[in-house]
Amino acid sequence: VLLFLLPFSRRPYRIVVNFVEWLWLSEAAALIESVAGVEIRMSGDVAKRPEDRAVVIVLNHHCRLDWMFFWCAAARLGLLRGGALKIALKEGLRSAPFFGWAMQAFNFSFLSRADRGTDLSRLRAAADHCVGHGDRYALLLFPEGTDLSPSNRDKAKAFAKEKKLTVYQHLLHPRTAGFVEIIDAIGTRLDAVYDVTVRYDNHPKVATSEDPRPSEKNCLIEGCWPTHVHFEVERVPASFFGASRERPADKDKAAKWLTDAWERKERKIEKGPSLASTMGTHKSRRFANAFFLILWAIILATLTIGFFYGLGHAIGNALWLLTI
């Protein structure tokens, strides 16, 4: 309803939508950890930084569910608060029933990967819209463009050999254009870039399968969730790219950093996950999960009672009219 009153009520509209996003993603993270039993392990620069208003997160795209598991890490980093987290997703998800509409309301970016110019303009427009209005903005970007499926891995190896590039075993070569475009769009308002490396300890049944990666079928249908998900976080301040409140980041430096970061990421995955995790993190996780599970139980109970009360009332009226 507030949307129809724009431009006079953009702020209350965004407050409502951002609250729903925070509530939804926090509850999903709570379910992943409390109900599915996935243990999230964090290492590196994991402290919350409320001063970060505009950041870009680059994550290796191991499987199609990376963005869902990242919600758990984003909650710890304080990037869900105020609906700050935005995700660059493939175009097809825009038309998903209900969820596609909700993600559009959340200002997620949808990329076709077929038209580079359109994709870059969409990334820039989303950043200009959010950051330009002073909203907190944390864009999750997958520079590889697609996940690490066996077919994509074979194509990437053939491409690397043809172009005489490093042949990665656990990654695909990153595409720098989208990253550079979003860095340039945020401009002088950029606070930092978060380089996040994800690695999974998969369910034994999945680990011995032909494609040993988490998938919608394995997790959501068969209940074979990863036992542990490891996130290693490195926060790179905007000043590293030559950015300040007076001038934007250097594009060439940003592109080179991304390429170098992927080489380091390959070595990190080869070495294995860092098991750094504090008891404080686990305590706060359990408390947060209990809070969101109870809150959503109340919300769902209220909606269910309201629905059936309304349905019963409608049926009663219909029978009364039928009797007459």
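1. Two strands are taken to pair if DSSP finds at least two bridges between them, and strands (E, at least two residues) and helices (H or I, at least four) are DSSP runs, numbered from the N terminus. By that criterion, strand β2 (residues 54-59) and strand β6 (residues 192-201) run parallel and are joined by five bridges, with Val56 standing opposite Val193 in β6.

2. This is a predicted model, in which local features need pLDDT of at least 70 and side-chain atom pairs count only at pLDDT 80 or more, whereas totals for chains, interfaces and linings use all residues. Residues are numbered from 1 along each chain as its sequence is written, and side-chain values use heavy atoms, with hydrogens and water left out.

3. The open sheet is formed by seven strands with mixed pairing, in the order β1-β7-β6-β2-β5-β3-β4. Because β1 (39-44) and β4 (109-111) stand at the edges with a single partner strand each, one side of each is left without a neighbour in the sheet. From one strand to the next the twist averages 25°, where axes are lines fitted to C-alpha atoms, for helices over the stretch in contact, and angles run from 0 to 180 degrees between N-to-C directions.

4. Helix α1 (residues 10-34) packs on this sheet, touching β1 and β3 (85-90), and its direction makes about 75° with that of β3; contact means heavy atoms within 4.5 Å.

5. Asp119, found in helix α4 (residues 116-132), is buried, with a relative accessible area of 8% (buried means under 20%, with a 1.4 Å probe and protein chains only). Not counting residues up to four places away in sequence, Asp119 touches Leu111, Ser112, Arg113 and Ala114. Asp119 and Glu91 are 28 residues apart in sequence, and their C-alpha atoms are 9.7 Å apart in space.

Note on methods. Buried means under 20% relative accessible area, exposed over 50%, partly exposed in between (1.4 Å probe, protein chains only).
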